[in-house]
Amino acid sequence: SVTELTGIAIPENQQTDEVRKLVEALSKLATTDVKTGLPNARAMDEILTQRLAMAKSHERAKERRREAPKTVSFVAIDLDGFKGINDTLGHKGGDAALKYFADFSKEHLRPGDTIARLGGDEFGVLMEANEETAAKIIDRLRKGLSKKPFEYEGNTPPMSFSFGVHEITAQDEDIAVIKDDADQKALTDKEGKSERLQGPAARKI
């Protein structure tokens, strides 16, 4: 509402088209990541809350429904080596890398998938797919990214990411459980790649 976004109490009958447009613009700004143009963490939280509520509603009504509810998964994505890109190319280069990844993902994910920047080098994707299918889709995205390198002022730093998938169910207590599980799986993915790069000797330490 106007009051919530501006702190100014304006009666509905006095709200002009200009005021309404301002409210719409402020509302969009509040849920959009400035650096990438993607939805931000607040927007993703709102969508996750809605999808979790739908999952719980379907669970309560499943005996009265013949059709199965759509399976939805949340994917946590963490860019690999982003600090190195920032250190080498500076913050402008880092921002360009974030925008590149955002644009690449929007282009290669399915039309109904929603990707958001959650902060720093972390992204989240919400997709109608079970955990196995979501993982395959995101792995294809990762392989595609490796074939189309990011370029910035003559530099082509390697860009990849780690990810973890959580299939949303009515048993999930809240969205924090969903995000934490996906984050932990993404961390396990990242640590596994680090071990493979360092070799057996590193694992014995």
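Figure 1. Asp181 is partly exposed, with a relative accessible area of 26%. Here buried means under 20% relative accessible area, exposed over 50%, and partly exposed in between (1.4 Å probe, protein chains only). Lys185, at 29% relative accessibility, also counts as partly exposed. The side chains of Asp181 and Lys185 meet in a salt bridge with an N to O distance of 3.1 Å. A salt bridge is a side-chain nitrogen of Lys or Arg within 4 Å of a carboxyl oxygen of Asp or Glu. Both residues lie in helix α6, four residues apart, about one turn of the helix. Helices (H or I, at least four residues) and strands (E, at least two) are DSSP runs, numbered from the N terminus. This is a predicted model, in which local features need pLDDT of at least 70 and side-chain atom pairs count only at pLDDT 80 or more, while totals for chains, interfaces and linings use all residues. Residues are numbered from 1 along each chain as its sequence is written, and side-chain values use heavy atoms, with hydrogens and water left out.

Figure 2. Asp189 and Arg142 meet through their side chains in a salt bridge (2.9 Å, N to O). The pair links distant parts of the chain, with Asp189 in helix α6 and Arg142 in helix α5, 47 residues apart. Asp189 is buried, with a relative accessible area of 18%, and Arg142 counts as buried at 15% relative accessibility. Asp189 and Arg142 belong to a network of salt bridges that also includes Asp139 and Lys143.

**Figure 3. Leu141 in helix α5.** Leu141 has its place in helix α5. Its relative accessibility is 4%, so Leu141 counts as buried. Not counting residues up to four places away in sequence, Leu141 touches Phe104, Ser105, His108, Leu109 and Phe161; contact means heavy atoms within 4.5 Å. Leu141 and Ser160 are 19 residues apart along the chain, and their C-alpha atoms are separated by 9.7 Å.

**Figure 4. The loop between α2 and α3.** Thr36 is found in the loop between α2 (17–30) and α3 (41–61). With a relative accessible area of 2%, Thr36 is buried. Leaving aside neighbours within four places in sequence, Thr36 is in contact with Leu98, Lys99, Ala102 and Arg117. From Thr36 to Ala97 there are 61 residues in sequence, but 9.6 Å in space, C-alpha to C-alpha. Lys35 forms a salt bridge with Asp95 through their side chains (3.2 Å, N to O). This pair links distant parts of the chain: Lys35 is in the loop between α2 and α3, and Asp95 is in helix α4 (residues 82–108), 60 residues apart. At 42% relative accessibility, Lys35 counts as partly exposed, and so does Asp95 at 28%.

**Figure 5. Glu153 in the loop between α5 and β4.** Glu153 lies in the loop between α5 (131–147) and β4 (160–167). The residue is exposed, with a relative accessible area of 68%. Phi of Glu153 is near 50°, a positive value in a residue other than glycine. Most residues other than glycine have a negative phi.

**Figure 6. The protein as a whole.** The protein has seven helices and four strands. From the N terminus on, these elements run α-α-α-β-α-β-β-α-β-α-α. Buried residues make up 36% of the 205 residues. A search of the whole structure finds 18 salt bridges.
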